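Please look over the sequence and the structure before reading on.

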Amino acid sequence: MPVLSVLRHVRWLCVAAASVTCALALDPGLLISQYQKKHWQVEDGLPHNYVMAVLPGPDGYLLVGTDEGLARFDGVRFLPYDLDASLELSKRWVLSILTARDGSLWVGTFDGGLYQWRNGRVITRVEKGASVFAILEDSAGRIWASTRSGVIRGTTNGFEVIRQLARPPDTAWNVLAMDTQGAVWIVSDGLYRCRENKLVRVAATTAGNGQILSVHARAGGGIDVGTSEGLFEAEDAGDAVRLVRRSGVPGPVVSILRDADDNLWAGTWGKGLYRVHRNRVESWSSREGLPDDFVRTLYADREGNLWIGVRGGGLCRWKNPTMVPLGIPEGLSGDFASTVVQDRAGDLWLGTWRGGLYHVRHGVVKSQKMPVAPLFLTVRAFAVDALGNAWIGNWEGVARFDGKTYRHFSGPESPYRHVAALLFDTRGRLWVGTSDQGVLVFPSGEPSDSPGTNLLRGQEITSLEEDAGGNIWVGTTSGAGWVPPGGQPVFHPARELPRDSVASLSKDSKQRIWACTLGGAIWQLTTSGSRILDSRHGLPSHPLYRALDDNAGSMWISSPKGILRLSFDRIEHALAGALENLNPTTYEVDDGMRTIECHRLSQPAGGIDREGNVWFPTTKGFVKIPPRREPSVAPPPVFVEDSSSEGVAPANRAELNLQSGSHNLAIRFTALHFGAPEKIRFRYRMEGFDQAWIPDSGTRTARYNRLPPGDYRFLVSASLPGGAWSEPPAAIFVHQLPQFSQTRWFVLLLALATAAAVTAVFRWRVHIIRQRYAAVIAERNRIGREWHDTLVAGFSAISLQLDAAMFRLGDQSGPTQEVLEMTRKMVHHYRAEARRVIWDLRDNRPDSESLVEAVSSALRQATFGKAIEGTIAISGEAVRAPREMEHNLLRICQEALANAIRHGQPQHLRLEVEYATDVLKVRIQDDGKGFDPECMNGLNGGHFGLTVMAERARRFGGTLHLESRLGSGTVVEAAMPIAQDEHHG
């Protein structure tokens, strides 16, 4: 058929406005080339590339019978499927499958086995030794099977051979069908019909009809027949039928299917697949991309997908595309699409690079005459004026096409060469954006050698758009701006925008201007300010090319990595700051695109037709997106398939028992949606272990290294883009047995052992401390004894010698006697000090004793057995000072008390301890004889105790204050600073 004739008959623009994916069959308004196609082979997990049977199983999985066994398919992965381990059906050649009305599954094999499986066990085994090619359940529930040696039928006592029916031809496999009246049709040595248990041969092999190979019953009534000569329709004529040929479909036809949209599909043995819809016949073979021309079986699922099993090419799936493609397979001369423009009449103009120019009117695509061969014409910019003339801009300049003739305006020296964008405004002016000369404005609407205005000289212009107020928006490689409608054109840069290259400008249904940038942002532009959406709102970081409003609640954006869809509701919330993530949906090859690569090299790079379809150019033709609201997609059914773990106990699908010590648990799950299985999102949660839902990364597997002992419930749910999560989620119960170390008995034993160990360690520690303390006390006592027996005895001996020397001197006076007297006093003093040191060594005052308690004890000891009254006074909040400081304060008190009793002969002693904010004071006051401090200072006075007390105070940064007069008693006050943390400690 000529290319132009094909284009004139393509009515694919008339795709129903309702979502294509919601149809129950492949859309007959599309060409075969426009269906989205995918196929699986051995490399993708298929057991064998020879596929003989495709039907859903009782649980909804797709069952695939191949030369190397039976497999179960969820749309993503194939798993071996054994009805019974002893049958090994996952390894045997499976020819036929049937899901009966009672939910049981029948399987026929090449080696003559026929098996019925229900509720996990095989309940029927028929082994005739002849290959079972087809299985059928009639209206009475009886099972029919066509084998290599003839046809058998189920009875109450088993199966009987129908002697009247001979074996079918060698290439006859799809040979059983039941019509809407309950009659069974059988292909044998002709075509037979069994109605009310009456078997009649209704058609035979003839020269005109050929050998009968296949039969199919339509859901709406009627029988289609495939023969070695082609496709026929059976017209009832009583006890016979008349076969009426369907022209255009050659034989041999071995598989037939009529779908819900009245597409009649015919699979041939060696000539590919044919589709008949009304009077139009199309074909698809290995020349166009069918994996194999030998079609064995056909099946249409409930989602409207067509499944094709072929001899050597594996399993194919055809489905309605979300993105309807238009390119070379549909009749275009070239694949590099460039521009899409709607004229004022509502028709569409499609421009390409070296592939021609096309006009679309009422669904008919018509190639336009070109001034040059299509190979030499590039449509870089396109616009339509008020008269309906088409204007083309490219590197050579500007040309006008009035439907009949072309006129080229620019010459070699014209300033408007290298045209990048064209725009006719509401005043009829022509705006020409160039790659190197800025923007040229022609008030007359037609190019001339002298433009009325030249703006942004030397800059590269990327796009032009007019808003509702008549402002002309200009996109450049460094930003965007506008030109007001009145007066001499003046460019105003848009404010509050980063420096970025604008890929395109567009206008939405509310007349708002949007800019897409190469930095991956979308700008909403107004003359008063701009707002930005970018990666911070969930947009991808790659360039964005053109944004279009489908007037159905969505914005579609082209990019080099597919087409994005955004909800306008989410866009409005994001612009208002009430939403962080736009959650864009990306459409790719699996949605019908022949390539994910859109482009921005031509303007406008996308448009909308009168039906509201969104169009984008790609490097492999155009794609069209039918307008639609956010779909309400029912979530697919979810299944937990299996699990594995080291140490898994036998479990069924609803319960998993994990032995103690098991780890590396993997739970595999899936959902059954065959049209877009790769778009299913999963989330899972181990209830009792996971705090929140965990999104699946695409593996369809949940992994847990180790679960604590206990009972859990594993939940998994799924959703499709734009749909809700499945409720209730699929669930299995998981029971993790504990190891002995995780039981209560172990915890109790461990607690008892720990308590015993802690007690033993504590007692051992106390024993060690006591031993060390006793050793320290014994050593201190030994040192004290040694010093007492040596040092103090020595001081005493020296003192006696000094006394003897002074006795010999008698009453003589002089320096010698003064020195001896001084020496004697020093010896007495240091002997007393040595005794105090010895006392310190032997001091067993407990660490818990406070300073107040220590000085009170010292006061009692000093006054014990003497006619002296002692009192003590405490002021301030008692705090714990460093022990060494308290020790020195105690020694000062002891020295002062000793001096007062020895030299002052008091009747009253008062000892005061004062705790101030940052200082600790002790004051010792007596009512004794007193003395003159000037005469009792240091060595001159022979009172070394005062000097030692002063040194003790200065050691801690403190002071010693002394007040005394003859006959008026003495006051000794020592003050030492204490740190703030000690004060609060």
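## Overall picture

Of the 985 residues in the chain, 52% are buried, a term that means under 20% relative accessible area, with exposed meaning over 50% and partly exposed in between (1.4 Å probe, protein chains only). This is a predicted model, in which local features need pLDDT of at least 70 and side-chain atom pairs count only at pLDDT 80 or more, while totals for chains, interfaces and linings use all residues. Residues are numbered from 1 along each chain as its sequence is written, and side-chain values use heavy atoms, with hydrogens and water left out.

The chain holds nine helices and 68 strands; these are DSSP runs numbered from the N terminus, helices being H or I with at least four residues and strands E with at least two. Contacts are heavy atoms within 4.5 Å. Among those between residues at least 6 apart in sequence, 53% join residues at least 24 apart.

## Helix H2

Helix H2 spans residues 568–575, and its buried residues are Phe568, Ile571, Ala574 and Leu575. They lie on the same side of H2, because they cover an arc of only 120 degrees around the axis, the arc being that of the directions from the helix axis to the C-beta atoms. The buried residues of H2 pack against several strands, including S47 (513–517), S50 (546–549) and S52 (562–567). Just after H2, Gly577 has a positive phi of about 80 degrees.

## Salt bridges

The whole structure contains 36 salt bridges, each a side-chain nitrogen of Lys or Arg within 4 Å of a carboxyl oxygen of Asp or Glu. One of them joins Asp59 and Arg72, at 3.8 Å from N to O. Asp59 lies in the loop between strands S2 (51–56) and S3 (62–66) and Arg72 in strand S4 (residues 69–73), so the pair ties together parts 13 residues apart in sequence. Asp59 is partly exposed, at 25% relative accessible area, whereas Arg72 is buried, at 11%.

Another salt bridge links Glu282 and Arg275, whose closest N and O atoms are 2.2 Å apart. Here Glu282 is buried at 15% relative accessibility, and Arg275 is buried at 1%.

## Cysteines

A search of the whole structure finds zero disulfides, a disulfide being a pair of cysteine sulfur atoms within 2.5 Å. Cys194 is buried, at 7% relative accessibility, and Cys598 is buried as well, at 1%.
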